[in-house]
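This note is intended for a colleague meeting the structure for the first time. Please read the numbered points beside the sequence and the model.

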Amino acid sequence: MNATGSDGVLLAVEGLKTYFPVRKGVLGRTVGYVRAVDGVSLRIAAGQTLGLVGESGCGKTTAGRTILRLIPATAGRVFFDGVDLLRLSRRALRPLRRHMQLIFQDPFGSLNPRMTVADIVGESLTVHGLARGRARRERVAELLEKVGLSPSHAGRYPHEFSGGQRQRIGIARALALNPRFIVCDEPVSALDVSIQSQIVNLLGDLQKDLGLTYLFIAHDLAVVEHISDTVAVMYLGRIVESAASAALYANPRHPYTMALLSAVPEPDPHRRRERIVLRGEVPSPINPPAGCPFHPRCHLVEERCRRESPPLMAKGGDPQHLAACWVTR
């Protein structure tokens with residue numbers, strides 16, 4: 001597998017699992033596992049954006065951080081430009097780290113309040129030995145301009161900026177090492193709606209200018225629609241549907257995706273969807289239900305769904321539109 005192949009895949013994830021042990025008692029005996037990520041497979045072409053969506057707690061952030069090896073994987077394979085990251089030693093992984101960066105969800109908590117903007121944005125340049133002194137100052141100024149901030153802001157501290165400006169600083173920090181792949185972990189969920197569109201547009205412009213590849217994690221399908229080329233819907237640690245963005249929004253094939261989209265406000269009254277209200281709560285990832293993990297809340301559930309777990313299957317005659325559902329066609 002190589003990103004320079006005919007399909008241009010930069011990142012390929014196969015059967016990724018991340019389990020956290022549940023311990024009890026004085027001796028800390030393991031009594032179970034939280035299956036935060038339970039067999040996720042993804043493919044992202046170079047220069048494209050894959051939107052990973054789902055309810056809070058479904059494992060989106062854990063999947064993103066496991067891909068970057070910030071959290072150890074339990075099983076699976078993660079190929080970046082043909083190299084399996086999970087098989088590399090920490091020393092062998094270090095040169096690749098500069099090509100993979102993360103934009104955090106919280107623009108307030110992700111910036112060190114004791115560091116100036118110049119130090120925050122330029123720290124990685126020093127760590128990787130890429131720039132010092134005047135060269136570092138010039139690179140920081142260039143990055144601040146690129147994200148819509150003034151180079152004169154370099155001497156200020158995070159508390160002097162608004163939430164949107166702080167997130168721009170976080171984006172500048174992620175761009176410092178000229179990465180090829182960025183995990184955007186809900187980068188706009190903590191911002192006002194008016195600021196969200198500015199940040200999404202900025203990410204889109206940067207992608208065009210720099211040829212970036214994004215894994216865009218979010219729970220807001222309206223935001224994901226505007227930036228993603230493909231979309232994967234996650235539920236209880238698994239991918240339940242994936243397709244090209246236009247196809248998924250126009251014709252969702254999994255009942256969970258249908259329910260999520262029915263809750264998205266639709267400005268055009270002629271396109272209004274029937275509201276689907278999910279019953280019950282998300283099952284525990286420690287003890288997921290037998291069969292299809294979504295069946296306790298599904299409005300289309302059949303007896304087979306309670307017994308057998310469906311694989312991702314092509315739907316609607318489109319080999320690229322996959323859904324893990326026995327009922328839909």
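**Notes on the predicted model**

1. Ala247 is partly exposed, as its relative accessible area is 25% (buried is under 20%, exposed over 50%, and partly exposed in between, with a 1.4 Å probe and protein chains only). This residue belongs to helix H8, residues 245-250. Helices (H or I, at least four residues) and strands (E, at least two) are DSSP runs, numbered from the N terminus.

2. Beyond its neighbours within four places in sequence, Ala247 is in contact with Pro252 and His321; contact means heavy atoms within 4.5 Å. Ser284 is 37 residues from Ala247 along the chain, and their C-alpha atoms are separated by 31 Å.

3. The model is predicted: local features need pLDDT of at least 70, side-chain atom pairs count only at pLDDT 80 or more, and totals for chains, interfaces and linings use all residues. Residues are numbered from 1 along each chain as its sequence is written, and side-chain values use heavy atoms, with hydrogens and water left out.

4. Confidence is expressed as pLDDT, the predictor's confidence in each residue, from 0 to 100. The average for the protein is 93, and 96% of the residues score at least 70. Over residues 1-6 pLDDT stays under 50, and the model has 15 contacts beyond four places in sequence for them.

5. The protein contains 10 helices and 12 strands. Its radius of gyration is 21 Å, close to the 20 Å that the globule rule gives for 329 residues, so the protein is as compact as a globular protein of that length. The radius is taken over C-alpha atoms, and the rule is 2.2 Å times the number of residues to the power 0.38. The C-alpha trace spans about 70 × 60 × 45 Å along its principal axes.

6. Of the 329 residues, 47% count as buried. Where contacts join residues at least 6 apart in sequence, 62% of them link residues at least 24 apart.

7. Which residues of helix H3 (residues 117-127) are buried? They are Val117, Ile120, Val121, Gly122, Ser124 and Leu125. An α-helix has 3.6 residues a turn, so residues three or four places apart point the same way. The cover over the buried residues of H3 includes helix H4 (133-146) and helix H5 (163-175). After H3 comes Gly129, whose phi is positive, near 65°.
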